[in-house]
Amino acid sequence: MPTRAVLDSLIESGLHEIKRERSGLLLSGLSAGLDIGFGPLLMAVILTLSPGGFGDLTTELLLASAYSVGFVFVILGRSELFTEHTTLAVIPVLDGQASLPQLARLWGLVYVGNIVGGALFTLLAVILMPGLGVVSPAAFETIALKLVTHELHWLFVAGLFAGWLMGLLAWLITAAQGTFGRVALIWIVTATIGLLHLPHSIAGNVEVLFGLFMSAVITPLDYFTFLVLATAGNACGGAIFVAVLKYGHVVRGAK
């Protein structure tokens, strides 16, 4: 698909979402927050069952692939994910077809739905899963610690990269042909985020809440600090490195 056609398709998709009814956006965001939790949950199962751990190449690759599962569910299921809209909904604003208040409305509704959905999933998982014997509380703690035991500037800068990758995914998937191509792109991009342990605000919401619910080591301050800095980084990464730059190069005559 030509680059201009990709941009036009993104503008159309972004406008459609911006104009959606409030309840539809909120419910779609809630669904995405619930569905994305399966990725971190599978990560906890792998950590429980695997003889290796973080730092072991085979385990790391398995964990990254498991991490991508939730994104496959959300994106192919066409639920609203905040980090996709750091690019998708920004482009119509840059094109003058939507306003900043409309963008803020979309971001706010989708983000709240994502966070609440992730919290509900986490609550169900920590209640039900340990009783099934497939995941240990220690695995939940290990996953959370991987995200919160960093300097504050790391959370924001690494969040930039995660948002950049998610924005790039929103751009690339528009040009993808067929379900297999879409799944491959989702896996490549989100497994990269997982392998690099970059903070994705919505998937990370579930990961850190696992630790908050199951471990005395993770504090509410750890959780809120992570969420604020990861969200800010994700928003800046997708908006600046993908929406602004790619929109700019297309409207200035790219083929």
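In what follows, a helix axis is a line fitted to C-alpha atoms over the stretch in contact, and the angle between two axes runs from 0 to 180 degrees between their N-to-C directions. The structure itself is a predicted model.

With that definition in hand, the pair formed by α9 and α10 may be examined. Helix α9, which spans residues 152–175, packs against α10 at an angle of about 175°, and the two axes lie 10 Å apart. Angles over 145 degrees count as roughly antiparallel, and α9 is therefore roughly antiparallel to α10. On the side of α9, the contact is made by Ala162, Leu165, Met166, Leu169, Leu172 and Ile173. On the side of α10, the residues that take part are Arg182, Leu185, Ile186, Val189, Thr190, Thr192 and Ile193. By class, the residues of this contact of α9 with α10 comprise 10 nonpolar, two polar and one charged.

Helix α11 (residues 201–214) and helix α12 (residues 220–251) have axes that come within 10 Å and cross at roughly 170°. These two helices are therefore roughly antiparallel to each other. From α11, the contact draws on Ser201, Gly204, Asn205, Val208, Leu209 and Leu212. From α12, the contributing residues are Pro220, Tyr223, Phe226, Leu227, Ala230, Thr231 and Asn234. The contact of α11 with α12 contains eight nonpolar and five polar residues, and no charged residues.

Attention may now pass to charged side chains. Three salt bridges are found in a search of the whole structure.

The elements that supply two or more residues to the lining of the largest pocket are α1, α5 (82–88) and α9. The largest share, five residues, comes from α1. The lining of the largest pocket divides into five nonpolar, six polar and five charged residues.

Rolling a probe the size of a water molecule over the atoms shows where empty space is left. Across the whole structure, one cavity of 30 Å³ or more is found. The largest cavity has a volume of about 80 Å³. Its lining consists of Met43, Phe54, Tyr67, Ile143, Lys146, Leu147, Ile193, Gly194, His197, Leu198 and Glu207. Two or more residues of this lining are given by each of α8 (137–148) and α10 (178–196). Helix α8 gives the most, with three residues. By class, the lining of the largest cavity has seven nonpolar, two polar and two charged residues.

Note on methods. Residues are numbered from 1 along each chain as its sequence is written. This is a predicted model: local features need pLDDT of at least 70, side-chain atom pairs count only at pLDDT 80 or more; totals for chains, interfaces and linings use all residues. Side-chain values use heavy atoms; hydrogens and water are left out. On a 1 Å grid over the protein atoms alone, a cavity is a set of points where a 1.4 Å probe fits but cannot get out, and a pocket is an open set with protein on both sides within 12 Å along at least five of seven lines; lining residues have an atom within 4 Å of a point. Grid points are joined across faces, edges and corners, and a volume is the space filled by probe spheres set on the points. Helices (H or I, at least four residues) and strands (E, at least two) are DSSP runs, numbered from the N terminus. Ala, Val, Leu, Ile, Met, Phe, Trp, Tyr, Cys and Pro count as nonpolar, Asp, Glu, Lys and Arg as charged, and the others, Gly among them, as polar. Angles under 35 degrees count as roughly parallel, over 145 as roughly antiparallel, 65 to 115 as roughly perpendicular and the rest as oblique. Contact means heavy atoms within 4.5 Å. A salt bridge is a side-chain nitrogen of Lys or Arg within 4 Å of a carboxyl oxygen of Asp or Glu.
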